[in-house]
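Dear colleague,

I am passing on the structure below, and after it you will find my notes on what turned up when I went through it.

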Amino acid sequence: MALSKEVYKEFEDVVGEENICDDPAIMPAYFATEFAAVILPKDTAKVQAIVKLCNKHKLKFRAISTGWTGVFPKNTILLDLRRMNRIIEINEKNMYAVVEPYVISAELQAELFKRGLNFCIKGAGSNCSAMLRGHGHLDQTTSADDRNHLAIEWVTPEGEIVRLGSLGSSDEWFCGDGPGPSLRAIISSAVPPGVTPGVFTKAAIKLYHWPGPSKLPVVGKSPRYTLREIPANMMARYYSFPSVEKMWQAELKIGESEIAYELMGFNASMVASNITTCNEEEEEVFRRISQEVQGPGFFVIIAGNSPEDFAYKKKVLEKIVSDADGKSLKSVEDPEIEGILLCQCVRISASIRETFRAGGAFNSIPIMGQRDLTIKWAIGAGEAKKPLIKKGLIVDDGGAFFGWGVEQGHLGKTEIFCRFDPLNPEAKKAVEEWRKEQCARAVNERYFADLLMAKIDESGPSLSNYHLWWRKIVKELDPNSVSPEGGPLV
Amino acid sequence: MALEDYRGDMEMCCRCSCCKFIPMQMVQGAEYSYACPSIAKYNFHAYSAGGRLNIAASMLKKGFNYSDKILDIVKNCQMCGACGVSCNYAMDMEVLEPIQEFRIKTVEDGHTVPALEKVITSLGNQGSMVPVTGKRGDWASGLNLKDATSKKVNVLYHVGCLTSYDKNMQKLAKATVNILQKAGVNFGITGDAEMCCGGRAYQMGYKEDFLNQAKKNMAMIKKAGIKTLVASCSNCYQAFKVLYDKYNLRGDLEVLHITEYIARSLNEETLKPSKKVALTVTYHDPCRLGRLGEPWIHWEGKKIPGDRFVFDPPKIYRRGTHGVYEPPREVLNSISGIKLMEMTRIKEYAWCCGAGGGVNESNPEFAMWTANERIREAVSTGAEAIVTACPWCEKTFNEAIQKNESSLKVYDIVELVEKAI
Ligand SMILES: Cc1cc2nc3c(=O)[nH]c(=O)nc-3n(C[C@H](O)[C@H](O)[C@H](O)COP(=O)(O)OP(=O)(O)OC[C@H]3O[C@@H](n4cnc5c(N)ncnc54)[C@H](O)[C@@H]3O)c2cc1C
Ligand code: SF4
Ligand code: SF4
């Protein structure tokens with residue numbers, strides 16, 4: 001359904017003719033969805049005006065930040081927030097940054113490094129919006145965004161501008177809970193990617209101390225960047241363990257002793273993806289590393305605030321690893337490889353190598369919860385991958401999973417994915433079935449899993465029917481039903 | 001290879017947006033983080049490399065229904081290749097090649113834009129990509145240079161259309177000649193007989209016109225028995241070295257950019273810059289000398305059926321790693337008094353000057369916008385001058401500077417070398 005000339009003109013009057021387009025020519029670039037129009041607002045006032053027009057004409061709308069992911073109904077008005085790309089404020093004293101949706105994490109992080117600060121970058125990569133909510137490599141020290149979002153500016157589905165937390169009472173961004181309206185219960189599962197309707201136009205993000213240099217000394221040419229030298233008081237290692245139990249023992253101890261700047265439970269396949277520059281090299285290195293590791297493992301970055309602090313953390317790490325019979329992967333001790341990993345895993349710049357490079361697609365199940373339990377679930381999901389590997393439908397990673405602890409404790413994220421060629425229908429179908437089965441198994445075993453939309457009505461009753469409450473809230477927020485949900489409820 | 005041959009590559013695009021930015025490790029803040037001028041200016045995802053691949057892939061599936069918007073998307077791209085470098089940091093897929101093939105297809109299907117048609121008509125009629133005034137070899141009158149078509153020379157200096165005809169750029173030809181003479185090189189030119197390399201026509205999508213020029217040039221070169229060609233224009237350099245090779249036309253002709261030749265002469269001590277040039281400069285890597293100057297890799301193969309996007313024989317991608325980055329820097333560093341301040345976006349992830357891909361001709365305002373972005377970045381280094389190694393960059397920067405009244409000076413590297421010897 002194309003917009004009528006009159007309605008189109010109303011939107012055009014808001015953003016100017018160069019910032020709206022309904023030409024079918026551009027749509028393949030937008031998720032191959034036939035949007036009613038794509039609109040590029042520059043600021044919150046424009047977003048509000050567009051949302052009000054959508055309500056006036058009962059047109060469905062959705063927003064994207066960098067637009068990596070998303071499934072959108074046909075004829076939606078798409079607000080591409082690309083022009084909202086300003087870092088509004090970096091408050092060093094109170095340790096928060098206020099950003100618009102199209103500030104990418106790499107940009108914000110580089111600015112923060114100059115000030116001795118860092119923030120939680122989502123594992124997806126620093127090419128994504130710095131504002132979006134999620135988990136990542138640095139969760140050990142930066143926690144995840146359940147805590148990291150402070151005040152937020154939100155244009156509701158009806159076009160009200162709501163300023164959450166301290167912003168609502170004092171124009172200050174320092175707190176998400178107030179003084180002022182908290183609404184964290186709605187937002188916490190919901191700052192995108194998620195389901196809260198409306199458009200998030202600014203968010204304050206909590207910042208953390210960065211013990212490294214103001215700029216990493218990157219050398220080399222793409223695709224092989226490494227560090228000229230490992231920055232003072234920093235070290236990166238990969239340890240493997242004889243069993244999952246031993247690995248978990250070490251992970252927990254590292255958390256308790258608060259010594260790791262980053263603990264990322266990569267499997268050998270992900271290490272291989274990270275340190276190689278093409279698919280062929282990756283296959284070869286994976287085979288080699290698989291022989292070198294003794295079992296499951298993790299990648300650790302230690303960052304000291306002084307030589308003494310570094311020496312202490314290193315010593316504790318070595319003791320914990322040795323107590324759990326861990327073994328350091330020799331390849332990663334090579335300063336060039338250590339540099340590659342250190343840089344990539346601080347600047348979060350190789351997730352694409354881990355996921356899309358091999359076949360062009362991946363399908364993943366992330367599970368939040370107590371790590372030792374979720375790992376048990378993941379081992380099962382890994383076993384279920386093996387027949388697909390055998391048939392050559394998915395990339396051979398040994399049936400591995402990965403994950404990491406959050407906030408130096410026993411909670412964390414455990415995830416498992418299959419990489420495949422999306423143009424192979426058999427592979428696609430097999431992976432979808434695997435995902436469905438393993439998600440269902442997770443829910444049955446009472447894990448906090450991403451639920452497929454179709455299943456919510458089945459699983460809701462075992463979770464206090466929260467989905468029904470959520471729908472009631474959404475109805476209140478969006479009486480005209482113009483702001484469709486952005487993804488599955490988690 | 002035709003657009004269809006890149007279907008698999010285009011389908012690999014995962015929409016990650018990395019092609020909009022310089023490689024993530026190199027991002028130094030909110031400023032100068034973009035690699036692609038097209039998305040930075042036009043904002044709709046369709047104007048990114050990923051968007052172009054998505055559109056081309058969709059047209060392959062659904063048919064080529066051209067519209068003004070499609071042509072606008074196709075032509076507002078400098079063909080600078082920055083997208084490919086950023087994408088290929090992590091992905092194994094061709095990016096610029098399908099974009100180039102998409103362009104070629106639009107032209108072959110008869111969907112062209114008047115501004116570019118005009119240029120190509122002039123190429124056909126007058127053998128030049130720039131307006132013709134006088135004769136091509138007029139700049140050399142009185143210089144007594146050898147005619148490489150009739151005299152035995154070790155090196156052919158190919159001057160290029162812009163440097164030959166543009167009165168403001170002829171100084172670059174004279175400087176180059178001066179340098180080659182000082183280095184004692186037995187070189188010649190082809191003067192009025194010189195022909196356009198065809199490289200810029202290729203960037204615009206006019207493959208046949210390019211091939212026509214390439215064949216004529218190589219016939220002349222073979223006939224004259226020339227073994228080494230030196231170009232001072234990065235567009236010519238890339239055409240002779242990379243594009244002619246791509247179409248198996250280069251044979252064993254050695255192609256060098258003047259900066260490579262100078263660097264070689266410095267190493268062999270046949271050239272000694274002895275005079276001081278007190279200047280703080282920043283160096284702009286021309287796209288076609290830098291990342292796109294990387295040698296062509298001949299490859300033919302088939303996808304291995306199965307889970308991965310891999311081929312038999314394995315495909316080696318041109319990821320910008322082996323462009324000409326060091327010789328110009330070596331040359332600058334050899335001149336006493338020159339202080340080189342690097343910009344944020346350099347080497348394989350340098351920002352384009354704006355002139356490539358026919359944008360200079362079809363959308364001068366976009367070319368100026370792109371150049372202004374670079375000028376801003378150059379000024380931010382504290383440099384007094386931006387130095388480049390291509391007349392097209394110099395021309396575009398000069399125009400941008402004139403328009404915005406910046407005090408930044410613009411030099412081609414040969415001008416500085418000339419001052420120093
Ligand atoms: C390879 C890969 C790895 C990933 N790994 C992780 C991981 O480790 N941890 C993790 O937490 N996540 C992960 N993800 C999910 C990831 O967090 C999101 O894909 C990413 O943050 C999206 O950022 P984006 O800027 O591309 O958002 P977009 O793709 O633009 O948006 C994502 C969703 O949010 C909605 N949205 C975006 N912006 C707004 C806004 N301002 N207001 C309202 N709605 C909006 C969109 O409609 C869409 O539904 C991964 C994804 C990929 C593809
Ligand atoms: S072209 Fe490459 S970098 Fe760009 S969106 Fe596609 S996969 Fe990502
Ligand atoms: S070639 Fe240059 S202008 Fe064109 S899409 Fe790639 S980066 Fe953008």
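**The contact between the two chains**

Between the chains, 62 residues of chain A are in contact with 57 residues of chain B. Please keep in mind throughout that this is a predicted model. The area buried between chain A and chain B comes to about 4900 Å², and carbon and sulfur atoms contribute 57% of that area. On the side of chain A, the residues that lose the most area to chain B are A:Arg82, A:Lys221 and A:Tyr225, which together make up 14% of what that side buries.

As for polar interactions, there are 23 residue pairs in polar contact between chain A and chain B, counting pairs with both residues at pLDDT 80 or more, and the count of salt bridges between these chains is 4. A salt bridge joins B:Arg308 to A:Glu282, with the closest N and O atoms 3.6 Å apart. The elements of chain A that each supply at least two residues to the side touching chain B are strand S1 (20-21), helix H3 (105-113), helix H10 (279-292), helix H13 (335-347) and helix H14 (351-355). Sorted by class, that side of chain A has 29 nonpolar, 15 polar and 18 charged residues.

Which residues are around ligand 3? They are B:Cys36, B:Pro37, B:Ser38, B:Ala49, B:Arg52, B:Cys77, B:Gln78, B:Met79, B:Cys80, B:Gly81, B:Cys83 and B:Leu96. Helix H2 (37-42) and helix H3 (49-62) of chain B are the elements that give two or more residues to this shell, and its composition by class is 8 nonpolar, 3 polar and 1 charged residues.

Around ligand 2, the residues are B:Cys13, B:Cys14, B:Arg15, B:Cys16, B:Ser17, B:Cys18, B:Cys19, B:Gly50, B:Leu53, B:Cys87 and B:Met93. The shell around ligand 2 divides into 8 nonpolar, 2 polar and 1 charged residues.

**A buried phenylalanine**

B:Phe366 lies in helix H16 (residues 364-380) of chain B, and it counts as buried because its relative accessibility is 0%, where the cut-off for buried is under 20%. Leaving aside neighbours within four places in sequence, B:Phe366 is in contact with B:Pro37, B:Ser38, B:Lys41, B:Tyr42, B:Asn76, B:Cys77, B:Gln78 and B:Val359. Although B:Phe366 and B:Cys77 are 289 residues apart along the chain, their C-alpha atoms are separated by 9.5 Å.

With best regards

Technical notes:
Residues numbered from 1 in each chain as written. Chains lettered and ligands numbered in written order. Predicted model: local features only at pLDDT ≥ 70, side-chain atom pairs only at ≥ 80, totals over all residues. Heavy atoms only, no water. Near = heavy atom within 4 Å. Helix = DSSP H or I, 4+ residues; strand = E, 2+ residues; numbered from the N terminus. Nonpolar A, V, L, I, M, F, W, Y, C, P; charged D, E, K, R; others polar. Contact = heavy atoms within 4.5 Å. Buried area = accessible area lost by both parts, 1.4 Å probe. Salt bridge = Lys/Arg side-chain N within 4 Å of Asp/Glu carboxyl O. Polar contact = N/O pair within 3.5 Å; in protein donor to acceptor, adjacent residues only side chain to side chain. Buried < 20%, exposed > 50% of the residue type's maximum accessible area, 1.4 Å probe, protein only.
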